[in-house]
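Please open the structure in your viewer and keep the selection tool ready. The tour below goes stop by stop: what to select, then what is there.

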Amino acid sequence: MLPAGDGAEAPAAPRCSESGDDRKAMEKSEINVTALVGCDQVSDGGDDAGLASYVSTFIDKEVGHDLKSLKKLDKLIEQMTENKMHLEEQVLTISSEIPKRIQSALKNAEESKQFLNQFVEQENHLLTSINSHLLSAQPWMDDLGAMISQIEEIGRHLSYLKWISQIEELSDNIQQYLLTNNVPEAASTLVAMTELDIKLQKSSCVHLLEFMRATVKFWHKILKDKLTSDFEEILAQLHWPFITPSQSQTTAVSWPASSPEVYSHLETLFCQLLKLQTSDELLAEPKHLPEKYCLPASPSVILPIQIMLTPLQKRFRYHFRGNRQTNVLSKPEWYLAQILMWIGNHTPFLDEKIQPILDKASSAVNARLEFSQGLLMLVLEKLSNDIPCLLYDDSLFCHLVDEVLLFERELHSVHGYPDTFANCMHILSEETCFQRWLTVERKFALQKMDSMLSSDAAWVSQYKDITDVDEMKVPDCAETFMTLLLVITDRYKSLPTASRKLQFLELQKDLVDDFRIRLTQVMKEETRASLGFRYCAILNAVNYISTVLADWADNVFFLQLQQAALEVFAENNTLSKLELGQLASMESSVFDDMINLLERLKHDMLTRQVDHVFREVKDAAKLYKKERWLSLPSQSEQAAPSLSSSACPLLLTLRDRLLQLEQQLCFSLFKNFWQMLVEKLDVYIYQEVILANHFNEGGAAQLQFDMTRNLFPLFSHYCKRPENYFKHVKEACIVLNLSIGSALLLKDVLQSASGHPPATAALNELGIYKLAQQDVDILLNLRTNWPNTGK
């Protein structure tokens, strides 16, 4: 290894005796390596100590301690020499090119600076020229601007005059057509004039607009009056309007005999009046009811139908306004029936004579609906005037609502009036009227509930003598109550908004809760007679209401209300995210709260009945518990097996109560009842009779006979395999009646089995699935007929 030192000096003497050539080669290698490494490392800061250390490490790596490695020095020297020359060439190239590039960049920068100065001079010259030109041209520009303004003003005046000329030209044309009695062309020209009026709506020329509107109004009135007069004459020839059904039938019979010219003239005038529809809508001021009624927007009735409605409107206002004897607040059915009769009387004529004219004119208007809409507006005006006078008279207001609902039902179902059009339900939905309606509805519903619960037949089923119909054994009060709720649903189903429907739904839920509370109060009075007729009737009523509400929850109407309620709750943040999710996924319904309360009441009442019967059964089973199971004779000693005498009271009590409740409870309730009773009875017999006694062979056989041939068959009428409901008793009888050998083997298996599977398999083979291994072991120890083997 070479000692670390000054990299510029060679070693003073060799470390080993080598030939002169080898020593010279080694010196050259060190020099070249030092030079090469120096070129690469000097730039790092000229650290000589670091450079010497690097050279020493490099030589140790290439030569090492093996002297034979010195043979590589020639090749290493040659390689290092080439690297050195290559690096020197790169250094020389770079050192010669950099000054040239710098000189070229400086030259380019100087040229760019000169060009920039030239451009700045040119820009200053142009700016001066432009400013000078603008100053000299300013008078011309002012004069030109004034001229352009004058031209524009003259253009506006010219355009204004053109519009006036066009209006006057159209007006002259209409006048000329009227003088020549060419009404169709006059009507068409008025349509063109009306379209011009519509185009000018956004213009700021107030006087031009007024002139246009006045001209349209002038000719519209002339044409309308002329056509209306002619149209009314034609209608009079057809005996329009048809006031009575007989008149309508007479006119319908006479249609084929009528002159074809009459219907041709009718069609012509109808089409001409139809052309005036645009100008009529432009000029007429639509009559709207106050905004509080929230009527849907609808186009006005077409002009020909308006003329056809005029005589009927006059009749309606004559009879049902002012001090006429027919205008009586207590008789809304008079004017409602009149409107329905008029619609029915005119429907055939409208469908057979007017609708083809509209179809031929490519109009989308339905003549019958237009006619009905025009008549219905009379009803809406009448209701809006009468309702404030009736709000605080419950009987009159309720009668009005009833008649309006009947009217609406016939209007929609018989005459096909759309729900989307304005109707009477919009008037009833007005806030003051609607709240009064809710109040009256609640009041009369509560009165009805009072009367139905106080009735002598409240707890008797209407169909008690009809087996097929009386499956639910519904008492009259419950059926009447659900009918009341159904009627309320039908009454508010056609309300126009979901928010109003939801308020009625809340009323229904309140009524259900109120009825449940009333049933609970009556039930508490009958608690001492929990098996009595009235108590069972209350239970049937609760079950029926809960069942019907569950069915209603799947009804499309209530599902739509559920969606509407979901949107309301989401907006108001009145429900948790879990509850909103349940509503949205249809896991819950709008009646869930009521159904849960009713189901809880039903369960409590059923539990009370089961407990009552179970107490009676336990009292009747006292002697059976004390039976001498240990000393009963075996079957071989008896002529024939017979029922234990001590079991008779138990079975008789059970039979009588089952028959009684089967007759008084509906099928689903009775099924729940006997299943709950069997569950308690099974555990009772198992714990109080079987586990509390010891059994010899005769006692075990007698117990099995009593259970399988007498107790279980009592329930065979209600299910196919009643023994499956007495799992404890059935399996205990199996264990107690095993043969001696089987019992010994089973006992050995239970005692010797280290794990559960072997013992479980053995029990399953015997038909034992419910009892645990410990229970089976206890039962085996209750047997007394073991062989005398010391076990």
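**Stop 1: the buried pair**

Select Asp-386 and Lys-382. Both residues are buried. This is a predicted model, so keep that in mind at each stop. The two side chains form a salt bridge, with 3.3 Å from N to O. Both residues belong to helix H11, which covers residues 367-390. They sit 4 residues apart there, so about one helical turn separates them.

**Stop 2: a bridge between two helices**

Select Glu-441 and Arg-491. Their side chains meet in a salt bridge at 3.0 Å, N to O. Glu-441 is part of helix H14 (residues 431-454), while Arg-491 is part of helix H15 (residues 476-492). The pair therefore ties together parts that lie 50 residues apart in sequence. The cut-off for buried is under 20%.

Now select Arg-317, Arg-321 and Glu-381. Salt bridges with shared partners join these three residues into one network.

Next, select Lys-331 and Glu-333. Here the salt bridge runs 3.9 Å from N to O. The cut-off is within 4 Å, so this pair counts. Lys-331 is partly exposed, with 32% relative accessibility. How many salt bridges does a search of the whole structure find? The total is 27.

**Stop 3: H9 against H10**

Show helix H9 (residues 303-319) together with helix H10 (residues 332-360). Two numbers describe a packed pair of helices: the angle between the axes and the distance between them. For H9 and H10 the angle is about 160° and the axes are 12 Å apart. The two helices are therefore roughly antiparallel. The crossing of H9 and H10 is right-handed.

Turn on side chains at the contact. Which residues make it?

- From H9: Ile-305, Met-308, Leu-312, Arg-315 and Phe-316.
- From H10: Tyr-335, Ile-339, Trp-342, His-346, Phe-349, Leu-350 and Ile-354.

Color the contact of H9 with H10 by residue class. You get 10 nonpolar residues, 1 polar and 1 charged.

**Stop 4: H17 against H20**

Move to helix H17 (residues 533-552) and H20. Their axes are 9 Å apart, at an angle of about 150°. H17 and H20 are therefore roughly antiparallel to each other. Their crossing is left-handed.

Select the contact residues on each side.

- On H17: Tyr-535, Cys-536, Ile-538, Leu-539, Val-542, Asn-543, Ile-545, Ser-546, Leu-549 and Ala-550.
- On H20: Met-594, Ile-595, Leu-598, Glu-599, Leu-601, Lys-602, Met-605, Leu-606, Arg-608 and Gln-609.

By class, the contact of H17 with H20 has 14 nonpolar, 3 polar and 3 charged residues.

**Stop 5: Gln-609**

Stay on H20, which covers residues 592-620, and center on Gln-609. Is Gln-609 buried or exposed? It is buried, at 0% relative accessibility. Which residues does Gln-609 touch, leaving out those up to four places away in sequence? The partners are Ser-530, Leu-531, Tyr-535, Cys-536, Leu-539, Leu-661, Leu-665 and Phe-673. Among them, Tyr-535, Cys-536 and Leu-539 belong to the H17 side of the helix contact.

**Stop 6: Leu-677**

Jump to helix H23 (residues 667-690) and select Leu-677. Leu-677 is buried, with 1% relative accessibility. Leaving out residues up to four places away in sequence, it touches Val-610, Val-613, Phe-614, Leu-654 and Leu-658. Draw a distance from Leu-677 to Phe-614. Their C-alpha atoms are 6.9 Å apart in space, for 63 residues in sequence.

**Stop 7: Gln-176**

Go to helix H3 (residues 73-179) and pick Gln-176. Gln-176 is partly exposed, at 47% relative accessibility.

**Last stop: the whole chain**

Zoom out and show the cartoon. The protein chain has 28 helices and 0 strands. Of its 791 residues, 39% are buried.

Key:
Residues numbered from 1 in each chain as written. Predicted model: local features only at pLDDT ≥ 70, side-chain atom pairs only at ≥ 80, totals over all residues. Heavy atoms only, no water. Buried < 20%, exposed > 50% of the residue type's maximum accessible area, 1.4 Å probe, protein only. Axes fitted to C-alpha atoms, helices over the stretch in contact; angles between N-to-C directions. Parallel < 35°, antiparallel > 145°, perpendicular 65-115°, else oblique. Left-handed = near helix turned anticlockwise from the far one by under 90°. Contact = heavy atoms within 4.5 Å. Nonpolar A, V, L, I, M, F, W, Y, C, P; charged D, E, K, R; others polar.
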